Amino acid sequence: MSSVVNRVKPVQRALALTLRLGTNAEGSRCAAAGGRHFPPGVSKSADPLRAPSRSYCSRMALNEGLFFRQLFESESSTYTYLLADTETKEAILVDPVLETIDRDLKLIHELGLNLKVAVNTHCHADHITSTGLMKKRLAGLKSAIGKLSGASADILLSEGDNIRFGKHHLTVRETPGHTDGCVVLVSGDQRMAFTGDALLIRGCGRTDFQQGCAKKLYESVHQKIFTLPDHCLVYPAHDYLGQTASTVGEERRFNPRLTKSLEEFVEIMKNLNLPKPKKIDISVPANLVCGVHED
């Protein structure tokens, strides 16, 4: 974990490269991070939602009125994702972490966003969510989590549900295996999938605790994620090697675990012998009550 901080700049470079590779057909329409050129139709106005600091494809995001930001928490190597409609300023936050609540709220305030929903892809074992505390600090904010997680939230998500913000939405796909309540959130145009711990970059979530089941996870990934288009960008809940994104096509071809047969996958997962997450004993009970223990 101590080496994560040293990888900040490589992480930024990897994100820019991945976005270009993931949208190769639109490569000529992407603006380089920090450069002087903007995608066609995008003005150099002071609106922070229209002046990204990283590479974005105009068709994927800006020209469609979608603001996207990937944020990182170094202790648990967790990614938090902020998405917003650039016209209405309605926004959602995926997998927020307690330790970075001030950073996230500051960014939301600076950008003038109206955060509607804070959603967790599952009941995390390695960190406490900030959704409960964030609700106390943002009027009208609602929390969301998969119905099968057994956790409390304002919105309990099921297969096919849509989380709407402005003219955009993310569609819920239930992906049990890492936990019973895991969900993947897919953008309406199927260009982005927020895969939680079900599918990581060249890996997947462990299956040795919290209702874990290797067979269920294998089926979930193959039926609910690998059926998405090849170009769909994969944004996981964690990465420990400085990688920021992948694509469905890459993972279908190169994921060292999920390219195996079901029987081989089950055997691999059975023999990982991973240490227990350091914060599991405090994280899981807290996350079952939206990250806030009521007195």
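**Positive phi in the chain**

The chain has an accessible surface of about 13,200 Å², and 53% of that belongs to carbon and sulfur atoms; such areas come from the Shrake-Rupley method with a 1.4 Å probe, and for residues only the protein chains shown count as cover. This is a predicted model, in which local features need pLDDT of at least 70, side-chain atom pairs count only at pLDDT 80 or more, and totals for chains, interfaces and linings use all residues. Residues are numbered from 1 along each chain as its sequence is written, and side-chain values use heavy atoms, with hydrogens and water left out.

The chain contains seven helices and 14 strands (DSSP runs numbered from the N terminus: helices are H or I with at least four residues, strands E with at least two). Of its 295 residues, 52% are buried (under 20% relative accessible area; exposed is over 50%, partly exposed in between, with a 1.4 Å probe and protein chains only).

Now to phi. Most residues other than glycine have a negative phi. Gln190 is not a glycine, yet its phi is positive, about 55 degrees. Gln190 sits in the loop between strand S9 (183-187) and strand S10 (192-196). With a relative accessible area of 29%, Gln190 is partly exposed.

Cys290 is another non-glycine residue with a positive phi, near 65 degrees. Cys290 belongs to the segment after helix H7 (280-287). Its relative accessibility is 9%, so Cys290 counts as buried.
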